[in-house]
Amino acid sequence: MKLNNEEINRYSRHLTLPEVGMAGQLEIKKSRVLMIGAGGLGSPLGMYLGAVGVGKIGLVDFDVVDHTNLHRQIAHTTADEGRPKVESLRDTILAGNPHVEIIEHSGYFNAHNCLAIVKDYDLILDGSDNFPTRFCANDAAFFLKKPLIHGAIFQFEGQVTVFAPHLGGPCYRCLLPEPPPEGAVPT
Amino acid sequence: MGVVIEIPSALKKYVNNQDEVEVQGNSVEEAFDSLCKDFAELKPNLFDENGKVRNFINVYLNDDDIRYAEGMNSSVQDGDCIQIVPSIAGGR
Amino acid sequence: MLPGVVGLIQATEIIKLILEGGAPLIGRLLLYDAMKMNFKEVRVRKDPECALCGVHPSVTELIDYKAFCDVPLPGAELSEDIDEAEFELSPREFKDAMDQDPSAVLVDVRETYEWDICRIDGAQLMPLSSFDPTTTGLDPETTIYLYCYKGKRSMLALKELKRAGFNKLKNLSGGIDLWAEEVDSDMPQY
């Protein structure tokens with residue numbers, strides 16, 4: 001794999017950072033990242049990961065863009081209202097960087113499809129908004145030995161961690177052995 | 001000086017909107033007893049009907065989970081910090 | 001703006017993992033508080049008793065996650081004997097019933113910040129977060145019409161009132177949100 005001249009120019013500020021360099025930029029280009037959720041967390045995630053040159057980004061979301069999403073789901077614009085979020089986010093990412101391959105997984109992420117989706121990626125991002133999806137993402141990532149980058153928000157607080165039991169770290173169930181009663185934790 | 005208990009935003013309304021409350025006690029349990037005595041409404045939001053900390057709330061003593069010390073019996077001293085961290089799931 | 005901050009921390013971790021550089025957030029839970037504007041971290045250990053990644057796992061394949069997470073709130077099971085449908089009225093039915101009932105009492109169980117956005121004329125506010133069926137001052141002889149945002153919280157309040165001895169109760173099915181669509185097109189939706 002090589003960068004063409006346009007890409008070298010595009011990523012030049014990365015290429016001159018010793019911590020990234022040509023080898024690092026090629027690693028970024030080779031990487032395949034799955035994003036579960038194309039909403040509040042998914043918007044900045046997708047836009048930045050696309051801009052920095054992640055080679056392949058998978059987008060999972062079942063929802064369509066709603067007017068009430070726009071004040072925080074910044075990848076979606078007023079013109080995107082009613083469109084599937086994966087399509088809207090795809091267009092935003094590609095407008096920023098056409099070198100990214102986007103795979104759309106429009107629909108729910110659940111026990112029936114999670115392994116088939118996750119297996120084609122190196123890193124899994126959890127930007128979902130509910131406990132069933134979070135437990136499902138955790139278990140799928142564990143069984144397929146993929147790092148799971150967890151992010152969750154509530155009101156004015158956020159939580160981020162990386163679950164990588166195959167690297168000796170904890171998993172989501174180590175942090176939260178059982179789900180809370182429905183309604184006890186607003187999302 | 002006592003033990004500081006940090007309150008997450010979801011529970012602040014039960015402690016007069018304070019970010020943290022200073023209490024006295026020699027164990028996590030005593031510190032929580034003291035907290036719930038001052039703020040009775042907090043108790044059912046922190047503990048289940050069997051008196052156990054609700055399963056979606058983790059308690060950290062000086063940044064480590066009390067499950068890996070002696071749980072609620074973990075001893076505390078002046079200057080220690082107990083942090084209450086409920087799990088959250090939002091992403092939208 | 002909160003999702004921006006949290007999402008970009010996740011993105012940063014992704015790039016670090018790809019580059020195998022720095023100290024990843026493995027075993028550390030980063031807590032961000034926008035109001036206090038501080039970051040803290042606590043340690044998250046690998047639990048030897050974890051049902052999935054522990055020494056003797058009980059979860060060895062994917063499960064039904066919806067069912068796993070379908071844990072009822074304590075107290076919710078008490079009200080199973082109540083047939084919710086008996087109390088539900090569509091927005092149009094709800095309005096007609098109130099119009100024909102001169103003694104109708106309309107109760108909004110949403111929170112104050114929702115009340116400030118919009119409300120149905122003539123309603124009185126009794127937020128569910130502090131709702132006590134014994135101190136409402138409501139008359140059990142008059143019909144009480146309840147509503148919230150989508151109709152769920154007002155059904156909880158209805159059940160509490162029912163247990164407290166009230167029998168003449170109606171719930172706005174779909175809440176003020178559906179009311180805005182079907183009855184009052186000037187009402188903002190949120």
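Buried area is the accessible area, taken with a 1.4 Å probe, that two parts lose on being put together, summed over both. This is a predicted model, in which local features need pLDDT of at least 70 and side-chain atom pairs count only at pLDDT 80 or more, while totals for chains, interfaces and linings use all residues. Residues are numbered from 1 along each chain as its sequence is written, chains are lettered from A in the order in which they are written, and side-chain values use heavy atoms, with hydrogens and water left out.

Select chain C and chain A. About 4500 Å² is buried between them, and carbon and sulfur atoms give 78% of that area. Next, pick C:Gln10, C:Leu52 and C:Leu62: in chain C these lose the most area to chain A, together 14% of what that side buries.

Now show the residues in contact (heavy atoms within 4.5 Å). Chain C gives 48 residues and chain A gives 64.

The largest share, 15 residues, comes from H1(C).

Finally, select S1(C) with strand S6 (residues 157-163) of chain A. These strands run antiparallel, joined by 4 bridges (pairing needs at least two DSSP bridges). Within S1(C), C:Tyr32 is the bridge partner of A:Gly158.

Key
Helix = DSSP H or I, 4+ residues; strand = E, 2+ residues; numbered from the N terminus.
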